[in-house]
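Work through these exercises with the structure open beside you. Try each task before reading its solution.

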Amino acid sequence: MGKKHFAGAFADIGKKTNAQIINERRIINGEDDGLMQVAPLKHPFADDIYKKMLANTWVPTEVQMARDIEMWTSPDALTEQERFVYKRSLAFISNLDGIQTNNLVHNIARHITSPEVKLTIVRQAFEEALHVHSYATMIEALSLDPEEIYGLYRTDQGLYEKNAYILRAVDSISDPAFMTGTFENDQLFLEACVGNIILEGIYFYSAFLTFYILKRNNKMPGSAEMIAFINRDENLHLANFIQITNTIKEEQPELWTPEFQEKMRKNIKGAIELELDWGKSCIHEGILGLNPAGLEQYLQFIGNMRCRAIGLDDLYPAAENPFPWIDEMTQSSMTEVNFFEGRVREYSTGTLEW
Ligand SMILES: [Fe+2]
Ligand SMILES: [Fe+2]
């Protein structure tokens, strides 16, 4: 029950061979001597993801915001509704990346006992920090009022409730006394991993969509490029947590009960509904060809994709992607499908082709 860390584990593990240590390695509840020995690997998917993360290295100051500044300060380039949607989307994703940075650092990383998987979590946390910095770069470039963006959740009931719902989902494992190693707690940790799939693979998507819709209409291209860089990172984060979830399922199959599966489907469905409500509160009757019906279909398509990726039944009947052009814009083509067919595109450092 539970596991020893560092000094205690280091002393116990001293009598084992390296092969034994690697063979006993698990995503959670495994041997961990705290020395981060990542060769050879027990979980090669992590090494693969880590290398792809490194290949995606970029910094927000690379993105040209000059055209966006020009448009934002020109009285006619954007409608009031477009400005409203822009600020609301930025508020939500800036809150979300802040939550996720803390979640990875404080809740997730300390329970991972596979050093190669821990490397991906550390890198992922760095990328979330990069995203936090990206939103600050956008706020500064456009001279937006930080109170209006970061502080929106204090005046907007919908955003407050959305953040509270997301924070509740990570609450169960955020107690510093929480330890893996019991059936109940391991299920809670696995639920938190599915929570990460929801966060990385559902919550960002309506906000991303609004930036892409603006770009498609030749508006705020620098912002959309920033979002495409972030989106490319999130696709790998999503792939990482899909792999983590599926590997814990293999290592501890007793956790994946029919009741648990139903609960995960319910969590994903709840997230889709929450995201749709939020999206509708941003776009109202529609903006630049994006209407509530299209958004609903898009989110249902994504919901089914996330379910399939971890072996759950579809939530919605035959939902098709109404915006296939998004794949071209993000160069991602739904990573969790392509990635594991070995067709993920190769990226060179700091570039993104439109
Ligand atoms: Fe992020
Ligand atoms: Fe992320």
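**Exercise 1.** Leaving aside its neighbours within four places in sequence, which residues is Ile302 in contact with?

*Solution.* This is a predicted model.
Step 1: find Ile302 in helix H14.
Step 2: set aside the neighbours within four places in sequence; Ile302 is then in contact with Gly201, Ile202 and Tyr205.
Step 3: decide how enclosed Ile302 is. A residue is buried if 20 or more other C-beta atoms lie within 10 Å of its own. Ile302 has 22 such neighbours, so Ile302 counts as buried.
Step 4: look further along the chain. Asn321 is 19 residues from Ile302 in sequence, and their C-alpha atoms are 7.9 Å apart.

**Exercise 2.** Classify Asp186: is Asp186 buried, exposed or partly exposed?

*Solution.* Step 1: locate Asp186 in helix H10.
Step 1: count. Asp186 has 19 other C-beta atoms within 10 Å.
Step 2: compare with the cut-offs. Buried needs 20 or more, and exposed needs 12 or fewer. Asp186 is therefore partly exposed.
Step 3: list what Asp186 touches, not counting residues up to four places away in sequence: Ile28, Thr180, Gln252 and Leu255.

**Exercise 3.** Check the span of helix H11, then say how many of its residues are buried.

*Solution.* Step 1: H11 has twelve residues, which should span 16 Å at 1.5 Å a residue.
Step 1: the end C-alpha atoms of H11 are 16 Å apart, so the two values agree.
Step 2: ten of the twelve residues are buried, so H11 is largely enclosed by the rest of the structure. Among them are Tyr205, Phe208, Phe211 and Leu214.
Step 3: step past the end of the helix. Just after H11, Asn218 takes a positive phi of about 60°.

**Exercise 4.** Repeat the check for helix H13, and find what covers its buried residues.

*Solution.* Step 1: H13 runs over residues 258–283 and has 26 residues.
Step 1: from first C-alpha to last, H13 reaches 37 Å, close to the 38 Å expected.
Step 2: pick out the buried residues of H13, including Met264, Ala271, Glu275 and Trp278.
Step 3: what covers them includes helices H5, H9, H10, H11 and H14.
Step 4: connect this to one residue. Tyr203 is in contact with Ala271 and Glu275, and also with Leu96, Ile166 and Ile198, leaving aside neighbours within four places in sequence.

**Exercise 5.** How do helices H3 and H12 pack?

*Solution.* Step 1: two packed helices are described by the angle between their axes and the distance between the axes.
Step 1: for H3 and H12, the angle is about 170° and the axes are 10 Å apart.
Step 2: angles over 145 degrees count as roughly antiparallel, and that makes H3 roughly antiparallel to H12.
Step 3: name the contact. H3 gives Phe45, Ile49, Lys52 and Met53, while H12 gives Leu236, Ala239, Asn240 and Gln243.

Methods
Residues numbered from 1 in each chain as written. Chains lettered and ligands numbered in written order. Predicted model: local features only at pLDDT ≥ 70, side-chain atom pairs only at ≥ 80, totals over all residues. Helix = DSSP H or I, 4+ residues; strand = E, 2+ residues; numbered from the N terminus. Expected span 1.5 Å × (residues − 1). Contact = placed C-beta atoms within 7 Å. Axes fitted to C-alpha atoms, helices over the stretch in contact; angles between N-to-C directions. Parallel < 35°, antiparallel > 145°, perpendicular 65-115°, else oblique.
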